[in-house]
Amino acid sequence: MSEDQALDTPFWSFSLAVYGSDGVAAECLDLQDRYDLDVNLLLFAAFAGAAEGVTLSVDDITAAAKSVEDWHNDVVRVLREARRTLKPMTANEDDPLRVAATSVRAQVKNAEINAEKVEQAMLWAWSERHFDGRPRGDRHTALNANLDAALAFYRADGREQSSIIRLREAAARSIRKP
């Protein structure tokens, strides 16, 4: 199996489609900033329900988060912080290093996306080990339960359910009709 095959999982394809839907990125990034939420984990919860029909408990979310915790903290977050740190320098038209900083920021952004793809492959591998033999249920019900469990994992206020309406809708649209 090539590196690309290992990273191009059904979860990655799902994430690209759902996250790219109108308004979903803004919802996810808002929660990321307010709750220190891992957007990949939120998307994973949606994927497990919408694509697999597997309902996850808060304990399942905790275990999945633990499986990627070091990678997320040591690689993804570090790259995100580097990208964000470079942003003001790229916006300052008077800065003689603006062009160079813009180039570096683009490279860091690409590395950040690739690191998130690795994280998603790690979550996919976790699901392959833990979903085997799990009961499959109604995908809409599982999707909603999983997103609620993910919000509970991050101790997000119950009102936050309304802050991911577009994510719920986009993930629900991905559910194939039988």
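Let me start with Arg 80, which counts as buried at 9% relative accessibility, where buried means under 20% relative accessible area, exposed over 50%, and partly exposed in between, with a 1.4 Å probe and protein chains only. Please keep in mind that this is a predicted model, in which local features need pLDDT of at least 70 and side-chain atom pairs count only at pLDDT 80 or more, while totals for chains, interfaces and linings use all residues. Residues are numbered from 1 along each chain as its sequence is written, and side-chain values use heavy atoms, with hydrogens and water left out.

Arg 80 meets Glu 116 in a salt bridge, at 3.6 Å from N to O, the term standing for a side-chain nitrogen of Lys or Arg within 4 Å of a carboxyl oxygen of Asp or Glu. Glu 116 lies in helix α6 and Arg 80 in helix α5, so the pair ties together parts that are 36 residues apart in sequence; helices here are DSSP runs of H or I, at least four residues, numbered from the N terminus. Glu 116 itself is partly exposed, at 22%, and salt bridges with shared partners join Arg 80, Arg 83, Glu 112 and Glu 116 into one network.

Finally, Arg 77 forms a salt bridge with Asp 36, with the closest N and O atoms 3.2 Å apart.

Notes
Helix = DSSP H or I, 4+ residues; strand = E, 2+ residues; numbered from the N terminus.
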